[in-house]
Protein chains: 2
Amino acid sequence: MREFILKANRAITSGDINLKDLPGSCGRLDLVCRCISSALFLSHDIRRDTIFYSVHYGKPNPPVALKFVGSQLKRVSPDERSIALFIKKALSKEHGPQWRESTPGIYHAKREFKDIVLEKIMEGRNVYLLHMKGKPIEEVINRRSYREIKDRGFVFILGDHIGLSEEDERFLRDLGVERISLSPLELHANQCIDIVHNVLDKLEYRGI
Amino acid sequence: MREFILKANRAITSGDINLKDLPGSCGRLDLVCRCISSALFLSHDIRRDTIFYSVHYGKPNPPVALKFVGSQLKRVSPDERSIALFIKKALSKEHGPQWRESTPGIYHAKREFKDIVLEKIMEGRNVYLLHMKGKPIEEVINRRSYREIKDRGFVFILGDHIGLSEEDERFLRDLGVERISLSPLELHANQCIDIVHNVLDKLEYRGI
């Protein structure tokens, strides 16, 4: 299982979504949509082994967490507008502490970023923070380590255009979350997801 | 220099673009937009060393070629809608055999996919076709070969959701264009671009 957790610092937390302005008034919801597209869509297929979490901290009602389950997803297309329409439906609901399903495979809850991370740690997952200053991913997840660690499942934590706060980074460090880096350049979160999937795909299906 | 050439078999060839329906009536223009986003945008920056070509073969007036020059691009944002608006402007113009600038860094012309490929071959570029059955990219572009071949520049040819025709593939094979593969899975063209950039970024900036 592969899971991604995006902390979306400015992403909107109500259903009042202007589809003509995902980047501005919706707090970079375009980026959230592209992340979902990269996390869950293959050409002519869906990644059934992947779950994507987006935790929104924008106005008017933060936080709201969304969960997209690849194996259950239906009718969503990989374009930003289609995904934004499904996000709009989920954000228009009332949110409680438990996950509730909005449309097939898409869940919403009143949950904090940190709580979702803690849950993954408690589940025993391999949890990594994607960070420019981390170890190159190839040194951590590679042919030698993969077979040994894969059954625990992988969780990758991503920041948006603003990134994680110092407090978040300290929280993750205290939990022993390892930092890994993908590139010498600063990439968009969706580009990071494509690269992570590629590293794991090659290990899973080609053994390299 | 890095260049990408996308053959967009169904992408619209007039400015009659419905921004609410990029995947359907615009012939998967959403995919073209995501490719441009992946090819030219970094987090908080633009890839000035990259040019992206999209050659449209959809209705009503195929072909129309578009060229996006990273070093000249202005005011475009990485979201699909923003990019589609600039594409709409370029496709609304009259197209001649020569490139004409529509907005800063965005050019349009009445050109065939094959002619653009031929031009790159004539310029002496390293031209590759991204193909599931190709050699793994790491076997072709790696630490040993990179310094030697990088000055000629890299060109990567991509298919869309339909892919290249047998005739296109034969044409490229006859020109000696090498096939390289990125993944054991069939990916979207924009996901391929993210992976190619990552391979080159690591070689260029980390030497690995």
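Predicted model: local features only at pLDDT ≥ 70, side-chain atom pairs only at ≥ 80, totals over all residues.
When neighbours within four places in sequence are left aside, the residues in contact with S43(B) are E186(A), L187(A) and H188(A).

Within chain A, the assignment gives two domains, domain 1 covering residues 2–112 and domain 2 covering residues 114–201. The centres of domain 1 and domain 2 of chain A, taken over C-alpha atoms, are separated by 20 Å. Contacts between these domains of chain A involve 24 residues of domain 1 and 28 residues of domain 2. The area that domain 1 and domain 2 of chain A bury between them is about 2400 Å², and 56% of that area is on carbon and sulfur atoms.

Chain A contains an open sheet of eight strands with mixed pairing, in which the strands follow the order β6-β7-β5-β4-β1-β9-β8-β10. The edges of this sheet are formed by β6 (100–103) and β10 (178–181) of chain A, each of which pairs on one side only. From one strand to the next, the twist averages 30 degrees. Strand β8 (residues 126–136) and strand β9 (residues 154–159) of chain A are paired in the parallel sense over four bridges, and in this region N126(A) stands opposite F154(A) of β9(A).

Helix α7 (residues 189–206) of chain A lies across β1 (2–8), β4 (50–56), β8 and β9 of chain A, and its course is at about 170 degrees to β1(A). One of the residues placed in helix α7 of chain A is E204(A), which counts as partly exposed at 26% relative accessibility. The C-alpha atom of E204(A) is separated by 18 Å from that of C192(A), the two residues being twelve apart along the chain. Apart from neighbours within four places in sequence, E204(A) is in contact with R2(A), Y146(A), R147(A) and K150(A).

In chain B, an open sheet of eight strands is likewise found, with mixed pairing and the order β6-β7-β5-β4-β1-β9-β8-β10. Its edge strands are β6 (100–103) and β10 (178–181) of chain B, and each has pairing on one side only. Neighbouring strands of this sheet are turned against each other by 30 degrees on average when direction is ignored. Strand β5 (residues 64–69) and strand β7 (residues 106–109) of chain B illustrate the antiparallel pairing, which extends over four bridges, and F68(B) has I106(B) in β7(B) as its bridge partner. Helix α3 (residues 113–122) of chain B packs on the sheet, where it touches β1 (2–8), β4 (50–56), β5, β8 (126–136) and β9 (154–159) of chain B, and the direction of this helix makes about 160 degrees with that of β1(B).

Strand β8(B) is largely enclosed by the rest of the structure, because eight of its eleven residues are buried. On one hand, β8(B) runs parallel to β9(B), to which four bridges join it, and L129(B) has I157(B) of β9(B) as its bridge partner. On the other, five bridges join β8(B) to β10(B), again in a parallel arrangement, and here L130(B) stands opposite I180(B) of β10(B). In general, the strands of a sheet pair through backbone hydrogen bonds, in either a parallel or an antiparallel sense.

Conventions. Residues numbered from 1 in each chain as written. Chains lettered and ligands numbered in written order. Heavy atoms only, no water. Pairing = 2+ DSSP bridges. Helix = DSSP H or I, 4+ residues; strand = E, 2+ residues; numbered from the N terminus. Axes fitted to C-alpha atoms, helices over the stretch in contact; angles between N-to-C directions. Contact = heavy atoms within 4.5 Å. Domains from an automatic or database assignment. Buried area = accessible area lost by both parts, 1.4 Å probe. Buried < 20%, exposed > 50% of the residue type's maximum accessible area, 1.4 Å probe, protein only.
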